[in-house]
Amino acid sequence: EQTIYLKDYAPTPYRIVSVELDFKILEESTRVRAQLTIEPREDTAPGTPLVLDGDELKLNSIALDGAPLVLSAYASDANSLTLVEPPHKRFVLETEVTLKPEANTKLMGLYRSSGTWCTQCEPEGFRRITYYLDRPDVLAPFKVRMSAPKSLAPVLLANGNLVDQGELGDGMHFAVWEDPFLKPAYLFALVAGDLGSIKDSFTTMSGRKVELGIYSTHGKEAECAYAMDSLIRSMAWDERRFGREYDLDVFNIVAVSDFNFGAMENKGLNIFNDRLVFAKPETATDANYHGIERVIAHEYFHNWTGNRITCRDWFQLCLKEGLTVFRDQEFTSDERSRPVQRIHDVQNLRTSQFPEDGGPLAHPPRPDSYREINNFYTTTVYEKGAEIVRMLATILGEDGFRKAMDLYFERHDGDATTIEAFIKVFEDASGRDLSQFATWYLQAGTPKVSVTDSYDAASQTYTLTLSQTIDPTPGEPTKKPLLIPLRFGLIGPNGSPMGWTGVSGAAVEGDLILLDGDSVTLTFEGVANKPIPSLFRGFSAPVKVNTNLSQDDLLFLARHDSDPFNRWDALQTVSTALIANAAEGKAWSENDVEALRAALIDTLDNAELDDAFKAQALDIPAETVVGRHIGRDVNPDAVAAARKSLLTALVSPVAAKLAGAYGALASSDVYSPDAAQAGRRSLRNGLLALLTAGSERGASLAAEQFEAATNMTDRYAAMAISVRNWTSEASALLGEFRTRFAGDPLVFDKWLTASAQAPDDEVIERMRATLTAPDFPKTNPNRLRSLLGSFVMANPVQFTRTDGAGFRFITEAVVEIDKVNPQVASRILTGFRVLPTLEAPRREAGMAALQALKDQHSLSRNVGEILDRIIA
Ligand code: DPP
Ligand code: ZN
C-alpha cells in the first residue's frame, strides 16, 4: 500500500480551465456527464500523459473536442482515467459515468440519506462522482446542470447562484447553478430532495443583500431557527472582527441524517450533519445549542479561511482547519463568556488532543506522510492547529495579529497555499523571525515545561527557572526546543499582583515571557516579598506544566489569581494529583481534602463568579484525564475507585449545603439557550453530579430531576449522571428515556452515549444486544459513534477490562463497520491509542485483540493504517 509524502509534491502538468457538469438523477441511478476544459501548463512537455483520479467509477463514454476517443488513446479503470497523449493545447474532454448513490454507504461522493441525494467531497470524494484532478491545488469555475423527478426532488441545489430552472417532460425538472469563484473539487456540492426550508437574509457591510436558506426534512423547519440565528451572528462577527464580507448572493445550508463529518463548508452550500442543525428545548441540550452555534460559525468562516484561500495539498490541512477553529473559538468567546469558553476548549484539548499527541497516533499538525488522508482529520490538526494560531495572536498582540490577518487575506486571496506562506505573512507583518516558532507545525508531541523558583529576601530577587522537554513520538526520536509564549503574573502574600524593578535572563514583553531554549532562568529584581507565580495564564501555550508549587500555593491561586483560567486550573491540578496519588497507593491526608473542599466551597459561594465558571471549577477531572496524568501502568479500576473515594470525602461533610445550593438554583423560567441560563443549569447539574458521586442523597435527587425536567439539558444530565454512577435508579431511567423519546434518532444518540458509559460488568452485553438488534441503523455514523465512540473514549473501566472483552467487542464491531463505512470504523479504532498507558495485562489483552484483527481480516486502507500505527 502506498504512502504519500509531502516532499513529492509537484503541480499537475495540466490545468482545468473550467468545469461543466450535467447530473441526470433518477430513482435507480444517476448519470454524470462532465465537460472539462483542460490545457497543459507552460512547462509541460508535449506528450505528457494526463491522469485523472477516479474511485469506483466505470466509464460509459469519452470524447475529446466533440469526437469519441479511440481505445488506444486512453486507459481507464475504477481508480483512474489516463489520456495517453493529450493535445498540446487547450481541449475539451467529455466523459460519462453512471453512479449508484443508493449503494454508496461510505458516504463519500454522491449518496442518498433518507431519500435526499447529497454529496461529500472533502477530501477525495469528487473522484467518486467523475474522473478529475481531485486535489486542492486544481482550481476551476463550475457550472452544474441537474435534472430529477420533481416528485422525489422538488429542491435542486448546488454551489453558487441559481441561473436557470424549469420543467422537463415526464415529471422531470431541472436547475442550473453557477459558481463564479474558482474552487477545488473538494468544495463541490449538490443536493436534490424533497425538503422544507426556512429563509432569512443578511445585508453585508457594503450593503449587499444575501438570501439565506436552511433546508431539512419536512416537519423539522422550526428546529432550524437557532442555526439561522447563529449564521446571521457569524456573518456579522466576521465583518466586525476580521473585516470579511460574504461574497455570493445566496448562502444555503442543508441538514442530512447520514454524514461522516460534523459539517462541510462547500462554497455557498454547506451540508450539515443534522445533529448540528436541529434544536428544540425538549430534545436538545445546552451543549447541543453551543455546538450548533460553533459549527455553523466554523463552516461559515471557512468561506474565507479555506475556500477563498485554500490548501495547496492535504498536508496543509491545518492551514484552514486550525485557523478556522481559532476563529470559531473567538466567535464563541465574544458571543458568550471568554474565560468559560477558554476552559471549555482547553478541557477538550486535554481530553482528546493530549492523548493523541502522547501516543502511537501522534503526528505533527502539518504531517509529512500519510496512507489515508481521512485519518488526518484529527484533533491535532484542528485543536492543536488552533492553539498555534492563538500563540501567534498572543505573540503579536491584538493589533499585530489583525494586521497580519489582513495581509494574509490580501496576499493569498484565490491561492492554494501552504503553512510556510502563512508563517511568512506573520513575519512580514510583524518584522519578527518566526522560524523557530514554525516548528510547532512540523513536530509532534506535547512539550513539558518544568518550573522551579526561589526567593532571596536579602537581595529582594526572585528567580524562575523554566525548562522544556518533549518526549519522542513515532518517527521523531529527538526534538527541537519550541518558542513558547508564557503569559504570567506574580502574586503577593495578600493576593494582589506584584511588580518588579528589573528582569533579566530572557525576553520579557509586558506579561509575556518568550521561552526559546531548553532552559532559561529569569531573575526579577526589586521583588518585595516571596511571590507565587501564576504561569501560562489563559493557557498561553499547549503544554504540560510541572511546578514545585505546593497544594497550599495552588489553592491560594484558586482563590486569588486574577486570571480565571488559572484559578480553574489550580483546582484541577490539586484534584488530579490527589486522585492519581491515591490510585497509586499514596493516600491523601485529611488536611489535603479539607483544604480542597474549603476552596471549592469558597468558589461556590463567591458572588462575583458566574455560574458557568463555578460549574467548571467544581468539576472533578474525569478518570481518563487522571489516567493520562499518571501516564503509564495505569489501572483504570484503581483510578475510578480513587476518584469515587475523593468525591465521597469531599462531598459527604457538606452534602446538605450542596443540596441546598442545588435546590436554590432551580428555575421556572421559560427555557432559553443563552449563556446565563445555560450556566445556571450547568452549575445545578454539576452539583447533582457531586451529590450523586459523593453522597447518599444524589441518586434520588437525580431520579426526581429526571421526572420533573422540562428540558433535555436537565433530563439528560439526570440520566447520564445516574448511569455513570450506576445508581439503583439508572437502569429504570434508561428504559424510561428510551420509551419516552422512541422515534427521535438524535435523542436515541443521547441514549446510546449514556448507555455506553455505564461502569457495570453487563454493559458490554447490553451494548452488543443494542448493536445487533434488527432495527439498529448500522449505516448511520451518528448512531455508531454515539454508542462505540463514547464507550472507547469515556468508559475506561469497561473498555480496558483485563479479560479483553471490551477490546474484542470493539474490534469485532470494527470489522463489520469497515465493510460499510471505513471512515467511521477507523475513527472508532483510534480509541486503542490508550494501550501504551495501561498496566501490562490490559495492554497485552488490547494488543491481542488488535493482532487478531490484523491477522484474520482484510481491512480498508483507513483501518489498516490506524491499526499498523498502534501496533508498531
Ligand atoms: N467539514 C469539515 C470541517 O469543517 C472538514 N473541512 O472541519
Ligand atoms: Zn473545518
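Pro-123 is placed in the loop between β11 (116-120) and β12 (140-149), where strands (E, at least two residues) and helices (H or I, at least four) are DSSP runs numbered from the N terminus. In this predicted model, local features need pLDDT of at least 70 and side-chain atom pairs count only at pLDDT 80 or more, while totals for chains, interfaces and linings use all residues. Residues are numbered from 1 along each chain as its sequence is written, and chains are lettered from A and ligands numbered from 1 in the order in which they are written. The peptide bond that joins Glu-122 to Pro-123 is cis, with omega at about -5°. Most peptide bonds are trans, and most residues other than glycine have a negative phi.

Confidence in the prediction is expressed for each residue as pLDDT, on a scale from 0 to 100. The mean pLDDT of the protein is 98, and 100% of its residues reach 70 or more. For the complex, the predictor gives an ipTM of 0.98 and a pTM of 0.98.

Glu-56 has a phi of about 60° and is found in the loop between β4 (50-53) and β5 (59-64). Phe-539, for which phi is near 55°, lies in the loop between β34 (532-534) and β35 (544-546). Burial is assigned from C-beta atoms placed from the backbone, a residue being buried if 20 or more other C-beta atoms lie within 10 Å of its own, exposed if 12 or fewer, and partly exposed in between. Glu-56 counts as partly exposed because it has 16 C-beta neighbours inside 10 Å, whereas Phe-539, with 22 other C-beta atoms within 10 Å, is buried.

Gly-115 is located in the loop between β10 (109-113) and β11, and is partly exposed, with 14 other C-beta atoms within 10 Å. Although Gly-115 and Glu-27 are 88 residues apart in sequence, their C-alpha atoms are 9.4 Å apart in space. When residues up to four places away in sequence are not counted, Gly-115 touches Gly-193 and Asp-194, contact being defined by C-beta atoms, placed from the backbone, that lie within 7 Å. Ala-659, found in helix α14 (residues 655-664), is partly exposed with 19 C-beta neighbours inside 10 Å. With residues up to four places away in sequence again not counted, Ala-659 touches Leu-691 and Arg-697, while Ala-659 and Thr-98 are separated by 561 residues in sequence and by 64 Å from C-alpha to C-alpha.

The record places the feature "domain: Peptidase M1 alanyl aminopeptidase Ig-like fold" at residues 445-547, over which the chain is 0% helix and 49% strand, with end C-alpha atoms 20 Å apart. The feature "domain: Peptidase M1 alanyl aminopeptidase C-terminal" is placed by UniProt at residues 552-871, and over this range the chain is 72% helix and 0% strand, with 43 Å between the end C-alpha atoms.

A division whose bounds come from an automatic or database domain assignment gives domain 1 (310-442) and domain 2 (741-872). The centres of domain 1 and domain 2, taken over C-alpha atoms, are separated by 30 Å, and nine residues of domain 1 are in contact with 13 residues of domain 2. The side of domain 1 that touches domain 2 has three nonpolar, three polar and three charged residues.

Helix α26 (residues 861-871) is largely enclosed by the rest of the structure, because eight of its 11 residues are buried. The buried residues of α26 are Asn-862, Val-863, Gly-864, Glu-865, Ile-866, Leu-867, Arg-869 and Ile-870, and they pack against α23 (805-820), α24 (822-829) and α25 (840-856).

Notes. Contact = placed C-beta atoms within 7 Å. Nonpolar A, V, L, I, M, F, W, Y, C, P; charged D, E, K, R; others polar. UniProt positions renumbered as here; feature names shortened; annotations may be inferred.
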